[in-house]
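Let's take a look at the aromatic rings in this model and at what surrounds them. Have the structure open while you read.

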Amino acid sequence: MTELKDLTPRFRHVRLLLAREKGHPSGDRDEGYDLLVPLDEAGRLDAAEWKTHQQHCRVRHFRPGEDDRIGRLRRKPGGQWYFDYVEGDDGDDEVGFRFGEERFVTGEYVSVGRGEGSRTYQVARVEKP
């Protein structure tokens, strides 16, 4: 279990909420992700910090009517970021679209894909854990 003493000053709690889309014209504040990740000064994922503290980089996906999915933030060779929920099971991965370039600052939008589809989420909150 990750404790605050294990985290460096770069770690942030990031809340992503489903942005507006067909079927959700106002988005959905009850569906999204909670991330525990290191960010640089510009709000981008800090790959060097992740590399040395990846065991602490967590993700929680929440959606009404479903159990929360708990996993880790991972990075593939070449730099693609993804969420891994079950160790060794590629079928459960969700890919962060251009997460290496995205800024995780309040009000920005990011996309997460699974299979052939992707959904857009708005950064609702970024704070120290």
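## Rings, core and strands

His-13 sits across from Glu-127 in strand 8. This is a predicted model, where local features need pLDDT of at least 70, side-chain atom pairs count only at pLDDT 80 or more, and totals for chains, interfaces and linings use all residues. Residues are numbered from 1 along each chain as its sequence is written, and side-chain values use heavy atoms, with hydrogens and water left out.

Strand 1 and strand 8 run antiparallel and are joined by six bridges. Strands here are DSSP runs of E with at least two residues, helices are runs of H or I with at least four, and both are numbered from the N terminus; two strands pair if DSSP finds at least two bridges between them. Strand 8 also pairs with strand 7, again antiparallel, over six bridges. Those two make a hairpin with two residues between them, and Gly-115 in the turn has a positive phi of about 65 degrees. In strand 8, Tyr-121 stands opposite Val-110.

Now for the rings. There are five aromatic pairs in the structure; Phe, Tyr and Trp rings (the six-membered one for Trp) pair if their centres lie within 6.5 Å, with planes under 30 degrees apart called stacked, over 60 edge-to-face and the rest tilted. Here are two of them:

| Pair | Centre to centre | Angle between planes | Type |
|---|---|---|---|
| Tyr-33 and Tyr-121 | 5.0 Å | 75 degrees | edge-to-face |
| Trp-50 and Trp-81 | 5.3 Å | 85 degrees | edge-to-face |

Trp-50 is in helix 1 (residues 47-53) and Trp-81 in strand 5 (residues 81-84), so this pair ties together parts 31 residues apart in sequence. Trp-50 is buried at 8% relative accessibility (buried is under 20% relative accessible area, exposed over 50%, partly exposed in between, with a 1.4 Å probe and protein chains only). Trp-81 is buried too, at 2%.

What about the tyrosine pair? Tyr-33 in strand 2 (residues 28-38) and Tyr-121 in strand 8 (residues 117-127) are 88 residues apart. Tyr-33 is buried, with a relative accessible area of 2%, and Tyr-121 is buried at 2% as well.

The largest nonpolar core has 24 residues, and Leu-16, Tyr-33, Leu-35, Phe-83 and Phe-104 touch the most other members. Such a core is a set of buried Ala, Val, Leu, Ile, Met, Phe, Trp, Tyr and Cys residues joined through side-chain atoms within 4.5 Å.
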